[in-house]
Amino acid sequence: MKKIGFLSFGHWTPSPQSQTRSAADTLLQSIELAVAAEQLGADGAYFRVHHFARQLASPFPLLAAVGARTSKLEIGTAVIDMRYENPLYMVEDAGSADLIAGGRLQLGISRGSPEQVIDGWRYFGYRPAEGQSDADMGRRHAEVFLDLLRGEGFAEPNPQPMFPNPPGLSRLEPHAQGLRERIWWGAGSNATAVWAAQLGMNLQSSTLKNDETGEAFHVQQAAQIRKFRAAWKEAGHSREPRVSVSRSIFALMDDRDRAYFGGERGGEDQIGFIDPHTRAIFGRSYAAEPDVLIEQLRQDEAIAEADTLLLTIPNQLGVDYCAHAIEAILTHVAPALGWR
C-alpha cells in the first residue's frame with residue numbers, strides 16, 4: 001500500500017490557453033483541486049514554493065485554507081526553500097496552519113534550488129555567515145526551525161507582561177504537537193539524505209537529483225532511499241521514517257490525454273547542470289495506456305522503495321482535468337501495482 005497525493009507547482013500565466021491566468025486563479029483552483037482529490041480518495045495535496053515567479057510562493061495561507069476545506073487529506077509542501085525563511089516566524093505560521101488542519105500538515109523543506117533571480121534570498125534580508133554558502137545558511141535555518149518545533153521555552157519573559165505568562169521560559173505560540181515528526185527534507189544528493197536521517201526528518205526525493213553514479217535515475221534514487229533508511233536506523237530514532245518520491249505519470253484514457261501527453265511515450269532521463277559544478281539527472285515522465293503504464297512502473301525501483309508517491313499535475317489545464325488525471329491513476333493503475 002502507498003499513499004498517493006498530487007504535487008502542484010502552481011503555475012499561472014495570462015495566456016488564453018491557460019486555465020490559471022492569475023495568481024488568484026492558481027490559489028483558488030489549488031483549494032478546489034485538494035477538495036476534489038480528497039473526494040476521489042487521494043491521500044495528499046502538496047505544493048511547491050518558488051519566489052519571484054508566477055507560481056505558488058507563500059504557502060501557509062494556502063495550506064490553512066485547504067485544511068479548512070478538507071478533513072482527511074495530508075497537506076504539505078515539496079518544498080519550502082529555507083534560504084528565504086525566518087525560522088521563528090515560520091514556526092508560528094506552520095503551527096497555525098497545522099492546528100486549522102487538525103494535525104494533517106506534512107512540511108517538505110530544503111536548502112533550495114536555483115531560483116528566478118540571482119541570490120533572491122538577499123532581498124529577503126538573509127546572507128550566509130562568513131565562510132558559509134547559501135546552502136549552509138538554508139540548512140542552518142532548518143536546524144533552528146526543527147529545534148523550535150519541539151515547543152520548549154527559550155525566551156526570557158517580561159516581569160511585567162501585558163498578559164499573564166505561564167511559568168518558566170516562553171516558547172513560540174501556537175504550538176502544534178507532533179509537527180516536528182512531520183517535517184521532510186528534500187534531498188538532492190545522497191549526503192543530504194543521510195544528513196536528514198540523522199536529524200530525524202522524513203525524506204522527499206523529487207524527479208531531480210545529483211548524478212552521482214551515472215546509472216538510471218530511478219536506480220540512483222532507490223540507492224539514495226536505502227542510504228537514508230540505513231542512516232536513520234544507525235541514528236537510533238524510535239519511529240519509522242517516511243519517504244516520498246514524485247513522478248509525472250499520465251494514463252492515456254481518451255483523446256484529450258493523448259493530445260496532451262501522447263508525445264511523451266518512451267521518455268528518457270535527462271542530464272544537465274543545475275549550477276556550474278553540479279551535474280544532475282532528471283527522471284523521465286511516464287505516459288501510456290494503463291496496461292503499458294503498469295508494466296513500466298513495475299520497473300521503477302525508487303517507487304517500490306517509497307511509501308508515498310506524489311503525482312505532479314499540470315495545474316494550468318484546470319481543476320477538472322487534473323482531477324481526471326489523478327482519478328485515472330487511482331482507479332486504473334494503482335490497484336494493479338498493489339498501491340491500493
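Which side chain is joined to that of aspartate 81 by a polar contact? Select arginine 83: a polar contact of 2.7 Å joins the two side chains, aspartate 81 and arginine 83. (A polar contact is a pair of N or O atoms within 3.5 Å; within protein, one must be able to donate a hydrogen and the other to accept it, and residues adjacent in sequence count only if both atoms are side-chain atoms.)

Before going on, a note on what you have open: this is a predicted model, in which local features need pLDDT of at least 70 and side-chain atom pairs count only at pLDDT 80 or more, while totals for chains, interfaces and linings use all residues. Residues are numbered from 1 along each chain as its sequence is written, and side-chain values use heavy atoms, with hydrogens and water left out.

Stay with aspartate 81, which sits in strand S3; helices (H or I, at least four residues) and strands (E, at least two) are DSSP runs, numbered from the N terminus. Aspartate 81 has a relative accessible area of 1% and is buried (buried means under 20%, exposed over 50%, partly exposed in between, with a 1.4 Å probe and protein chains only). Now show its contacts (heavy atoms within 4.5 Å): beyond neighbours within four places in sequence, aspartate 81 touches Ser110, Arg111, Gly112, Ser113 and Glu115.

Next, colour the aromatic rings. The structure holds ten aromatic pairs. Rings of Phe, Tyr and Trp (its six-membered ring) pair if their centres lie within 6.5 Å; planes under 30 degrees apart count as stacked, over 60 as edge-to-face and the rest as tilted.

Select tyrosine 84 and phenylalanine 124, an edge-to-face pair with 4.9 Å between centres and 90° between planes. Tyrosine 84 is in the loop between strand S3 (74–81) and helix H3 (87–100), and phenylalanine 124 in the loop between strand S4 (105–110) and helix H4 (134–148), so the pair ties together parts 40 residues apart in sequence. Tyrosine 84 is buried at 3% relative accessibility, whereas phenylalanine 124 is partly exposed at 39%.

For the last stop, pick tyrosine 260 and tyrosine 321. Their ring centres are 5.1 Å apart and their planes at 80°, so this pair is edge-to-face. Tyrosine 260 belongs to helix H7 (residues 255–261) and tyrosine 321 to helix H10 (residues 319–332), 61 residues apart. Tyrosine 260 is partly exposed at 42%, while tyrosine 321 is buried at 3%.
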